[in-house]
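Please read the following briefing beside the sequence and the 3D view. The notes are grouped by topic.

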Amino acid sequence: MSNANLLGVPETLLPDEPGVREALAGAVGWEVDEVLETTVKQFPTSSLVWATLSDRAFSRGEPVPSYAYARVGYHRGLDALRKAGWRGQGPVPFSHDGNRGVLLSLYMLRRAAEAIGETDEVTRLTEFLDGADATAIPRIEAGER
């Protein structure tokens, strides 16, 4: 399968969030939850923060909170995409650091939806991710963040 943009729709490139990435890099050891709470308060519109919270909840075996965090990240991501000119279709490349938060939120929402049995949403989110960047799911599953 080619990742070519057959529709001619320009790529959407969201602004990078170096402050968010820097804050999240400090989320290690026993202070992880405190750092994440502080970071989400400092950057409440960041999909990357919400995706990270979702991933943390999922790793603890908490699919419902994971779903809720990812849902916030998804909506924050849609807001950012629309603000950047996205019109509901077209490439959102995972290779661009600024796009990773929204794509991670979509992935985390898809994963949590699967865990709670929301199969229609899993299908819809898989199509969304594949349409944005067909490499996103395998890259996320390979550990890229």
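Among contacts in the protein between residues at least 6 apart in sequence, what percentage join residues at least 24 apart? The share is 67%, for residues at least 6 apart in sequence, where contact means heavy atoms within 4.5 Å. This is a predicted model, in which local features need pLDDT of at least 70 and side-chain atom pairs count only at pLDDT 80 or more, while totals for chains, interfaces and linings use all residues. Residues are numbered from 1 along each chain as its sequence is written, and side-chain values use heavy atoms, with hydrogens and water left out.

**Overall architecture**

- The protein has seven helices and zero strands, where helices (H or I, at least four residues) and strands (E, at least two) are DSSP runs numbered from the N terminus.
- The radius of gyration is 15 Å, close to the 15 Å that the globule rule gives for 145 residues, so the protein is as compact as a globular protein of that length; the radius is taken over C-alpha atoms, and the rule is 2.2 Å times the number of residues to the power 0.38.
- Along the principal axes, the C-alpha atoms fill a box of roughly 45 × 35 × 25 Å.

**Surface and charge**

- Buried residues make up 41% of the 145 residues, with buried meaning under 20% relative accessible area, exposed over 50% and partly exposed in between (1.4 Å probe, protein chains only).
- The accessible surface comes to about 7,900 Å², of which 53% belongs to carbon and sulfur atoms; these areas come from the Shrake-Rupley method with a 1.4 Å probe, and for residues only the protein chains shown count as cover.
- There are 15 positive and 21 negative side chains, and the centres of the two sets lie 3 Å apart; Lys and Arg count as positive and Asp and Glu as negative, without His and the chain ends, and each charge is placed at NZ of Lys, CZ of Arg, CG of Asp or CD of Glu.

**The largest nonpolar core**

- In the largest nonpolar core, which holds 38 residues, the members that touch the most others are Tyr74, Val92, Leu103, Leu106 and Leu129; such a core is a set of buried Ala, Val, Leu, Ile, Met, Phe, Trp, Tyr and Cys residues joined through side-chain atoms within 4.5 Å.
- The elements giving two or more residues to this core include helix H1 (18-25), helix H4 (63-83) and helix H7 (136-141), while H5 gives the most, with nine residues.
- Leu106 is in contact with Tyr74, Leu125, Phe128 and Leu129, leaving aside its neighbours within four places in sequence.

**Individual residues**

- Trp50, found in helix H3, is buried with a relative accessible area of 14%, and, not counting residues up to four places away in sequence, Trp50 touches Val40, Pro44, Tyr69, Ala70, Val72, Gly73 and Arg76.
- Asp33 belongs to helix H2 and is partly exposed, at a relative accessible area of 35%; its contacts, leaving aside neighbours within four places in sequence, are with Arg56 and Arg60.
- Asp33 and Arg56 are 23 residues apart in sequence, and their C-alpha atoms are 8.7 Å apart in space.
- His75 lies in helix H4 and is partly exposed, with a relative accessible area of 41%, and 18 Å separates its C-alpha atom from that of Thr123, 48 residues away in sequence.
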